[in-house]
Amino acid sequence: MLNREEVIRIVNELNLPKDKYVVTSGSAMVLHGLREKTNDVDITVNKELFEYFENQELYVKYKEIGDRTCVFIDLTYDVQIIKAEEIPSEYVTIVDEIPTQTIEHLLEFKLGLNRDKDQNDIKVLKKYLKLDEV
């Protein structure tokens, strides 16, 4: 499990262009201080940056998550690079100089997936945003 300092170190060591990626999911929750640890670092990158990694002859994986197909590369044991056509600026906030998924978009994302493992995160996000339970 990775704590906040480890997530920051891993992301900074990758030295990615800050306008081409966003830290997402559980690792974003750790950066926001809404969770203490995460299993891995999920980094969503734009199409151009994903192609750069693809050209390194890394194995591209496809995974069905809900009604969407996720395209990603396991960069290391702890880091997944996830492909996005684009990263809308309204989904990004800067936390400790790292582009990070906004709390509002985290909730939208987790609600969209609605997996069993997301239920606690959804409760934490709703509580933080002071939204009534539905």
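Q: Why is K61 called partly exposed?
A: K61 has a relative accessible area of 29%. Buried means under 20%, exposed over 50%, and partly exposed in between (1.4 Å probe, protein chains only), so K61 lands in the in-between class. Bear in mind that this is a predicted model, where local features need pLDDT of at least 70, side-chain atom pairs count only at pLDDT 80 or more, and totals for chains, interfaces and linings use all residues. Residues are numbered from 1 along each chain as its sequence is written, and side-chain values use heavy atoms, with hydrogens and water left out.

Q: What makes K61 and D74 a salt bridge?
A: You need a side-chain nitrogen of Lys or Arg within 4 Å of a carboxyl oxygen of Asp or Glu. For K61 and D74 the closest N and O atoms are 2.4 Å apart, so the pair passes. K61 sits in strand β3 (residues 60-65) and D74 in strand β4 (residues 68-74), so the bridge ties together parts 13 residues apart in sequence. Strands here are DSSP runs of E, at least two residues, and helices are runs of H or I, at least four, numbered from the N terminus.

Q: Why is K20 called buried?
A: K20 comes in at 17% relative accessibility, so it counts as buried.

Q: What makes K20 and E48 a salt bridge?
A: Their side chains meet at 3.3 Å, N to O, so they are inside the limit. K20 is in the loop between α1 and β1 (21-24), while E48 is in helix α3 (residues 47-54), 28 residues apart.
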